[in-house]
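Biologist: Could you walk me through this one with me asking and you answering? I'd like to see the picture first.

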Amino acid sequence: MAELELGRHCDVPDCRQLESKKCEEAKSKKRKGAKNSETAAKVALMKLKMHACGDNSVPQTERIYFQVFLPKGNKEKSKPMFFCSKWSIGKVVDFAASLASLKNDNNKSTSQKLRLCHAVSGEALPFEHTLETWLSDKDYPLYNGGNIILEYLDNDVLFIEDTESYFSYLLTSEKMADPWQECMDYAVGLARKAGEIIRGALKEEISVMTKSSPVDLVTETDQKVENFIISLIKEKYPSHSFIGEESVAAGEGSILTDNPTWIIDPIDGTTNFVHRFPFVAVSVGFVVNKKMEFGIVYSCVEDKMYTARKGKGAFCNGQKLKVSGQEDITKSLLVTELGSNRDPETIKIILSNMERLLSIPIHGIRAVGTAAVNMCLVATGGADAYYEMGIHCWDMAGAGIIVAEAGGVLLDVTGGPFDLMSRRIIAASSQAIGERIAKALQIIPLRRDDATN
Ligand SMILES: [Mg+2]
């Protein structure tokens, strides 16, 4: 107990005597810090409860959850765990060490011990105290759902000197482990801003131009938004490559290399935009070594931000997405588009494909007017599959990984492996539905996005 007093309260008597302004400031800062930790812990608690491991025989009412930061140099940086509030700190340390497979010589007389440390004060909690006492500590309480640190300390050391540097070290190593996460965070912000520009433009008069055919529309906003996104990414990541719908329309190439490449559709659903039909999306895909790393689709009129990072799941406005998993085509709702090609032969194949699918029979076919949003609807489970021929890599690059990370499958329209530059896709909630659609489809001949002649 003596060491504890020394550690935590040494500043208090001095302050009382001096009644200095500095002391008041420090106290207020401390209260504010504590309030922040308390709020953060409340938010984190729900997530911790889903993932934490611990002793399942501990009654629910006695469980205390922490994000436990593991000793520096450990391969795993942190682990969610729960303990019994009645346990001693010594027991908590032993239990946490076994859960994280850490070396624990605390029962031997060695020069270093594994200690449980307060995430704000850095103080090593005395082994004989109970967790309960620390939850009700008035200066530096522990919060259910908060962070704590496990670290090896020399026997005469009572603190981790600087917990902030400790956490920034952990954050840096997490960033290093995932170099593309920073790119993704940046792109989510840009997509949101691009969406604001589009929403603003919807309130103004829209002047329409055409591209490959009288029904292939483009507006000033398409070009403005693409320039906005690409120029800001280029500034931050000058060595990266870009494939943007409007840059390609203006004559730039669309060859996919192994270089980190941003594939951008500033407005997916330009026809919707022109008519103010309320499904318009900003689509950003990021591909490295020709593999999709993350995707962002911001359906800006609905204010729905769809995101997916490889291996980390797909989300819409922070909620995890899961495909329907439907395997029976006769119980399925499909999404597709009729496209902007008005060649009679092509129209014939598109309608005949719809006829073949409808007469299987399936429950129905929908089209919202943007490939990216159609695919996101498959990711949410609202539709069971999307198929289309004649679209481009920028229509699929953002949403493709969103479907895959929501548990869906991407196939070529022949049923073979998906190819981002092939201009065709089946994005399905199950392999079975994807293959059944492939079986029904007649193929439309297309020039690939990366064709050079
Ligand atoms: Mg577009």
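Biologist: Which residues does Glu302 touch, not counting residues up to four places away in sequence?

Modeller: Contact here means heavy atoms within 4.5 Å. This is a predicted model, where local features need pLDDT of at least 70, side-chain atom pairs count only at pLDDT 80 or more, and totals for chains, interfaces and linings use all residues. Residues are numbered from 1 along each chain as its sequence is written, and side-chain values use heavy atoms, leaving out hydrogens and water. With neighbours up to four places away set aside, Glu302 touches Pro278, Phe279 and Val373.

Biologist: How far apart in space are Glu302 and Pro278, C-alpha to C-alpha?

Modeller: Along the sequence, 24 residues separate the two. In space, their C-alpha distance is 7.5 Å.

Biologist: Is Glu302 buried, partly exposed or exposed?

Modeller: Buried means under 20% relative accessible area and exposed over 50%, with partly exposed in between (1.4 Å probe, protein chains only). Glu302 has 29% relative accessibility, so it counts as partly exposed.

Biologist: What is the bridge partner of Arg115 in S5?

Modeller: S4 and S5 (residues 147-154) run antiparallel, joined by seven bridges. In S5, Arg115 has as its bridge partner Glu151.

Notes: Pairing = 2+ DSSP bridges. Helix = DSSP H or I, 4+ residues; strand = E, 2+ residues; numbered from the N terminus.
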